[in-house]
Amino acid sequence: MGTVTYTVGTSSRNYSTLAAAYAAVPSNLVLAGNNYVLQCYNDSEFVSSSQLLNISGNVTSSSATLTINCASGQSFGTNASAETNALSYNASNGVGFRCTGSYVLGVFANSVNYVTLSGLQLANNGTGNEETAIYNNSSSLTNFLIDGCILETGTGSNGYSVLTTLSGLVRNTLIVQRNTSGVGVFTAYPILLRLANCTIVAPSDRTSSNSGLTGSAGGATITNCAIFGFASSANNSTFFSGSNNASDQTIGFGSANQASQTYSATFNVTTNSGSDFKLISGSSCINNGTTDTTDIPAAIDIVGTSRPQGSAWCISAWEFMSSGPTPITAGVGAYTWAGVTANLALSIAANVGAYSWAGKTANVTQLINAGVGSYTWAGVTANLANSIDATIGAYTWAGVTAVVGNSLTINAGIGAYQWSGVTTVCWMGLQPLTGTNFANTVKGGVWN
Amino acid sequence: MELLIAVVANGAAVNNIQAGEVITIQPDNWGWTQAELTNPNWQIISSVDMLQTQANTLMMGFSMASQQLFNTVYPRKKNIISISLLPNPALFNGTRTQSKVTVAAAAVTTATIAVVYTPPAPTPIPAPTPIPTPTPVPAALGSPAQIPAPN
């Protein structure tokens with residue numbers, strides 16, 4: 001068996017539309033004796049008012065498969081800035097297929113065995129019913145794999161589901177339901193369906209009235225999935241099993257779950273505008289997944305980051321890297337921060353998030369770590385005796401209010417601290433600590 | 001608009017691409033690839049006066065989710081173009097002599113026919129095997145004869 005590859009993009013490729021490339025594939029791949037790959041290029045966004053691909057009627061086998069993927073560097077997951085791009089549908093980041101019409105039953109539909117969709121972005125932005133990104137009405141499909149994709153539906157009048165599939169394996173995939181009445185994943189006879197390390201979300205400002213998972217019979221296995229923003233995580237707990245899932249709602253199925261978590265403390269941006277469903281520091285999804293090399297043998301996340309980065313796999317499609325992929329180091333010198341010049345005496349590293357410091361907002365992409373030494377920041381000199389990490393909250397330091405907007409934690413080690421010559425007082429819950437010497441490590445304190 | 005259509009079916013199954021099925025519709029002067037312009041099983045119809053609503057009719061799937069039965073095979077499209085009803089059907093048969101054929105939208109509409117298909121009825125559940133009539137319980141035996149008293 002060989003492999004026949006058709007490229008898809010503009011007129012310089014083999015085919016200008018995915019539908020045409022698919023139509024060129026023989027109906028009987030086994031008889032043709034080949035695997036077929038439809039390899040997409042992000043020459044431009046694939047947009048249509050009608051369904052973009054309907055895979056049906058093909059004869060396939062384990063050695064005569066159909067794969068739809070992206071050429072090297074053409075997927076959002078292999079984009080040069082994949083680690084820092086917002087995790088949400090954006091055709092600028094990679095190959096994207098988007099339907100704009102009403103009553104489009106799936107940007108893609110599939111009823112064929114041995115089909116793999118990999119590294120694709122699909123959005124159904126229709127305004128009517130039956131809006132799905134992928135539709136499969138067969139419970140008997142074998143080896144239907146959705147791998148490392150972004151699936152979305154828009155804010156149309158009546159939502160259906162982002163993904164309707166009665167069978168298959170869906171892994172490392174982001175599923176975003178932007179319609180308030182739609183569900184994330186719908187499955188009717190889910191005996192063969194498995195979801196592994198998927199992020200299934202409704203934006204926090206869309207007030208969903210439905211469930212992340214909806215089924216009508218038992219058998220679907222859900223592992224390491226994050227289900228947030230819906231009115232409930234599942235419509236009926238008896239239909240689902242699995243483990244190590246997370247939600248802002250209760251989770252009535254499986255074990256080792258992270259239930260009733262805070263949505264905004266889990267992902268970078270949870271609102272409909274500017275969505276970014278990358279995990280953030282402090283999220284309960286971090287290091288709380290289970291190793292699942294059965295479903296994900298390559299042990300990677302949606303953009304190819306190796307799992308785990310910490311002590312265990314993360315829940316969701318994203319594997320959190322605490323140090324970031326490309327640490328930023330600032331050496332001694334003068335820096336401008338949100339319009340204010342700071343003279344920095346020692347090196348710093350800054351982590352993901354938006355921070356306001358002394359009334360000035362700055363976007364930081366790495367964890368702030370300040371080592372022992374003297375710092376001048378926005379004209380205020382600080383003498384720091386020990387290292388600190390700063391996390392979410394408002395802080396007053398030497399008479400200057402600083403607001404730290406990301407979910408990190410102030411950790412003050414044992415020792416003496418001074419900031420701009422002002423003695424610090426730190427409270428820890430109902431146990432205030434005063435003076436300049438700390439008897440214990442302080443976490444989550446307030447400085448004044 | 002420009003319509004890429006199949007002029008022959010690519011298989012015998014009801015859900016294979018059918019002759020006259022519209023594969024994709026693109027704006028006028030679309031940048032078709034060489035394969036799309038020359039594939040002998042396809043033809044491109046240039047219909048500059050076609051409206052988006054007509055295009056949507058040709059691209060409509062056979063049924064919507066609310067009408068679909070799970071585990072049921074359906075045709076791919078609700079409508080196809082009957083090639084024999086087009087103005088010059090010979091251009092759609094045999095060797096592809098033109099990369100594009102110009103057809104007015106009204107003529108395309110005239111040649112558009114609805115796909116008729118009735119999904120097979122679900123397999124009936126076999127009638128249950130009748131439970132055999134139970135064997136009647138034999139009538140009660142009479143009282144045992146009294147053993148004669150010993151002499």
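**View 1. Strand β8 (residues 115–118) of chain A, with its covered and uncovered faces.** In this strand Val115(A) and Leu117(A) form the covered face, whereas Thr116(A) and Ser118(A) form the uncovered one. In a regular strand the side chains alternate between the two faces of the sheet. The model is predicted, so that local features need pLDDT of at least 70 and side-chain atom pairs count only at pLDDT 80 or more, while totals for chains, interfaces and linings use all residues. Residues are numbered from 1 along each chain as its sequence is written, and chains are lettered from A in the order in which they are written. Strands (E, at least two residues) and helices (H or I, at least four residues) are DSSP runs, numbered from the N terminus.

**View 2. The pairing partners of β8(A).** Strand β5 (residues 66–70) of chain A pairs with β8(A) in the parallel sense over 3 bridges, and Ile68(A) has Leu117(A) as its bridge partner. Strand β11 (residues 144–147) of chain A also pairs with β8(A) in the parallel sense, over 4 bridges, with Phe144(A) as the bridge partner of Val115(A). Two strands count as paired if DSSP finds at least two bridges between them.

**View 3. An open sheet of 4 strands in chain B.** The strand order is β2-β1-β3-β5, with mixed pairing, and the edge strands, each pairing on one side only, are β2 (22–26) and β5 (100–102) of chain B. Strand β1 (residues 2–6) of chain B pairs with β2(B) in the antiparallel sense over 4 bridges, and Gln26(B) in β2(B) is the bridge partner of Glu2(B). Helix α2 (residues 52–59) of chain B lies across β1 and β2 of chain B and runs at about 155° to β2(B), where axes are lines fitted to C-alpha atoms, for helices over the stretch in contact, and angles run from 0 to 180 degrees between N-to-C directions.

**View 4. The contact between chain A and chain B.** The contact takes 35 residues from chain A and 28 residues from chain B, two residues being in contact if their C-beta atoms, placed from the backbone, lie within 7 Å. On the side of chain A, the largest share, 3 residues, comes from helix α1 (residues 18–23) of chain A.

**View 5. A stretch of chain A with pLDDT under 50.**

Definitions and conventions: pLDDT = per-residue confidence, 0-100. Buried ≥ 20, exposed ≤ 12 C-beta atoms within 10 Å, placed from the backbone.
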